[in-house]
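Thanks for coming. I will keep this short, and you can follow along once the model is up.

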Amino acid sequence: MSNEERGVLLIVDDDAINRAVLEEIFAADYAIEEAENGAAGLEKILAEPDRLCAVLLDVVMPAMDGLEVLRRLRREDLLRRIPVFLITAEAGDQVLQEAYSLGVMDVISKPVVPYLVRRRVRSVIELFQARRQLSRTVESQRERLLRQAEEIIALNQGMVETLATAIEFRSEESGDHVRRIHDITKSLLSETALGKDLAPEEIEEIALASILHDVGKIAVPDAILNKPGRLTAEEFEVMKTHTVQGAALLDRIPQLHRHRSYRYAVDIARHHHERWDGRGYPDGLKGDEISLWAQVVSLADVYDALSCKRVYKDAFPRERVLEMIRNGECGVFNPELLRCFFEIEEELSGLYQKEAGLV
Amino acid sequence: MTSERIRQLEAGGIDVAQALERVMGNEALLERLLGKFLDAPQYHALCAALERGDPEQAAAAAHTMKGMCGNLSMTELFRLFTMQVETLRGGDLVAGREMMAQITPAYERATAAIRGRAEDGGA
């Protein structure tokens, strides 16, 4: 390490002999700079504090004494960053007391004994440099951990989407369905009064959970899932089990229980086919017995199903979709939910125009 | 530094071994600092302030002398100036002046030794 890298040792003393003695003691270890009075020393320190590894400060000096320099450094909160040593011939009790209470590192009496002053100053400088190095290391590790956490979150979301998309693929749909459900759910909760009691993080967690609403379809046989025509009563009963199966599947993965989206995902998977009038399935919940998020995903699912082509039907035109939802042809919804939905439907319809290449 | 020079300086009241230790054995530096001691205006400032009757200025000058003598291991002068600074800070101008009776010959012995005329200094 060169002297420059070790840092600059600043000697502030009005006596040239003193400066020369101290310089001789430390020149082999540090780059040395000098100031001949307190005011000049303070100016040097304030100009570029992080360049300095330590300051050796005389007490009795013209143009600002050592104690006043200490007081100014204390005001700038620099005494915790730079070790300052008082070098003094007259260490009166009062001076010592004030110096230590201001935060001086050590008081060394003049005339100095070289090997003693060298040892004391050097070990403190090493301590400060180790501490600086350590805090730099901690800072960079903290940044790395933060970056890793972000990557893990992105990876989580990617895996959730992959799983949901794999299931959608079985019903010959693309992954766009789950992504749209995510976006519609998020828009309804963050852009309308529906989400007024939810924090932005909770809305993110619910939107992520909405992706898994149909995860139980993995337990429904292909013959029923992909049947082009109408389902028989028995087939429909099997189809309905995807709600309970989905909740059970999520429940069986212990790692998921700790995930902040978990409780929403289970609720949404089980209850996204409940109806406001109590005539839905699997539990026949009614009105506010159905959680807000299950209601929101339920409407998003219906809106998306009507707006797109499915194995059992073609896409309906937008006017017809809105008419069917308003008239309750595809289920009965909470009137407040519908009001909020129509408030932003114009914007939501953009999701489908883009796909059809109409924009 | 020749043994002759060392004897000369010691005769002037300078603990050469200790002074050399303080400058990490750098003999040239010690000679340079001894030269600075000769050039320092504070001794005359001290005398003038005492004559004027200005204890504050006298104490400031004596303080600087004390520091230099300490660094250069002028043991006796360091002891004398330390006492004088305390006396003058206490405001006792008369006692401060009286101490010059001891300080002046010691100072002259030291400066003569540094200039290389220790024998004239009357060691």
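Predicted model: local features only at pLDDT ≥ 70, side-chain atom pairs only at ≥ 80, totals over all residues.

Residues are numbered from 1 along each chain as its sequence is written, with chains lettered from A and ligands numbered from 1 in the order in which they are written.

Chain A has 16 helices and 5 strands; these are DSSP runs, H or I of at least four residues for helices and E of at least two for strands, numbered from the N terminus. Of its 359 residues, 35% are buried, meaning 20 or more other C-beta atoms, placed from the backbone, within 10 Å of the residue's own. Among contacts in chain A with a separation of 6 or more, 63% join residues 24 or more positions apart; a contact is two C-beta atoms, placed from the backbone, within 7 Å.

Now the helix pair. How do α8(A) and α13(A) cross, left-handed or right-handed? The crossing is right-handed. On the α8(A) side the contact uses E205(A), I206(A), A209(A) and S210(A), and on the α13(A) side Y264(A), A265(A) and I268(A).

Last, the two chains. Chain A puts 14 residues into the contact and chain B 17 residues. Helix α2 of chain A, residues 16-26, supplies 7 residues, the largest share of the chain A side.

Technical notes:
Left-handed = near helix turned anticlockwise from the far one by under 90°. Buried ≥ 20, exposed ≤ 12 C-beta atoms within 10 Å, placed from the backbone.
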